[in-house]
Amino acid sequence: MGYTDQRFDVNLSILFTELPLLERPAAAAAAGFTAVELWWPWIETPTPAQEELDALKKALEDAGTQLVGLNFYAGRLPGPDRGAVSVPGEESDRFNANINVAADFAASVGCKALNALYGNRVDGVDPAVQDELALKNLVVAAQAADRVGAILLIETLNKPESPLYPLVSAPAGIEVVDKVNEATGLGNAKFLLDLYHLAMNDEDLSEVIEKYAAKTGHVQIADKPGRGAPGTGELPLEALLDQLKKAGYEGYVGLEYKAADAAASFAWLPAEARAAR
C-alpha cells in the first residue's frame, strides 16, 4: 500500500501555471505523469472556439497525457466565483451553454469525469430558489455526462476559503449527489472527495471515507495547512488513501495543491509511481 499503490493525476489548473495552458501537459509528462485534470480552462467563455478546443486536445495527445477530470464552466476560478449551477441569470445561462461543449470535449479526449461546482449564495436570492435551479441544471449536466459515458461530480469546498459556498461538509455534498441521482435515475452523480477541503472543515476524514467511499467518483488531495504537497503539512494523506483503497475506491487521486516549483514538488512520490496504471 502507500502512495506507490495509487493512480495519481496532476491538476494543470493549479500546478505548472507559470506555463501557458498548452505547454502544461508536456510539463506533467516530463515529470513522469500520464494523467491530468483541469478546471474549465477558458475562464472568460463557456463556449470557446473549436480551434481552441482542438489545440488543447492536440497538446494532451502530443504529451501522451490522459485527461481524467474536467470542470464544467465555473465562472472566475481561480477568483471570486465557485461555480455557476445555482447562480440565477447570466451565470446559469453560461453554465447551460457550456454543458454540451464540455461533455463533447470530454468525449473527444476520453475523459470520464465532469465536475460541476455548485456556485456561491447570492445576496437577496432565496437559497431554496438557488437550490431548485441547481438541481435543474445538474440534472441536465448529469444527462450530458451520461451521453458521453462520464460521471458527474459534486464537490464539497471549505468554509474558511469559500464562505459563500453552501456545500461545506461531506453530508451536504452527498445530499446533492443523491438528489441528482433520484431525479435522473441514471446513478452517475458521484461525490468528489477532496481531503484538503474536508480537513479545512474539521471533518473526521476517516469517518467520511468509511461512510462515502462507495459514492465517491474522484479524489483530490493537498496537505493542510497551506494547501501544499503531501508532507508539507499535518495530514496523514498516505494512510487516508490506503483507507480509501481498502474501502474499494479505484479511481484517480488528483494532485490539487500549490507549489512554487511544480516539478520539484513531486519529490514525495517516486518517479516510477507517477505514470497512471
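Entry 1. I am working with a predicted model, in which local features need pLDDT of at least 70 and side-chain atom pairs count only at pLDDT 80 or more, while totals for chains, interfaces and linings use all residues. Residues are numbered from 1 along each chain as its sequence is written, and side-chain values use heavy atoms, with hydrogens and water left out.

Entry 2. I looked for cavities (sets of points on a 1 Å grid over the protein atoms alone where a 1.4 Å probe fits but cannot get out; lining residues have an atom within 4 Å of a point), and I found 2 of 30 Å³ or more. The volume, taken as the space filled by probe spheres set on the points, which are joined across faces, edges and corners, is about 50 Å³ for the largest cavity.

Entry 3. I noted that strands S2 (35–38), S3 (66–71) and S7 (216–221) each supply at least two residues of the lining of the largest cavity, strands being DSSP runs (E, at least two residues) numbered from the N terminus. The largest share, 3 residues, comes from S3.

Entry 4. For the second largest cavity I recorded about 30 Å³ of space, with a lining made up of Trp 39, Trp 40, Trp 42, Ile 43, Ala 74, Gly 75 and Leu 77.

Entry 5. I then turned to Lys 57, which counts as partly exposed because its relative accessibility is 24%, between the limits for buried (under 20%) and exposed (over 50%), with a 1.4 Å probe and protein chains only. Beyond its neighbours within four places in sequence, Lys 57 is in contact (heavy atoms within 4.5 Å) with Phe 105, Ser 108 and Val 109.

How values were computed: On a 1 Å grid over the protein atoms alone, a cavity is a set of points where a 1.4 Å probe fits but cannot get out, and a pocket is an open set with protein on both sides within 12 Å along at least five of seven lines; lining residues have an atom within 4 Å of a point. Helices (H or I, at least four residues) and strands (E, at least two) are DSSP runs, numbered from the N terminus.
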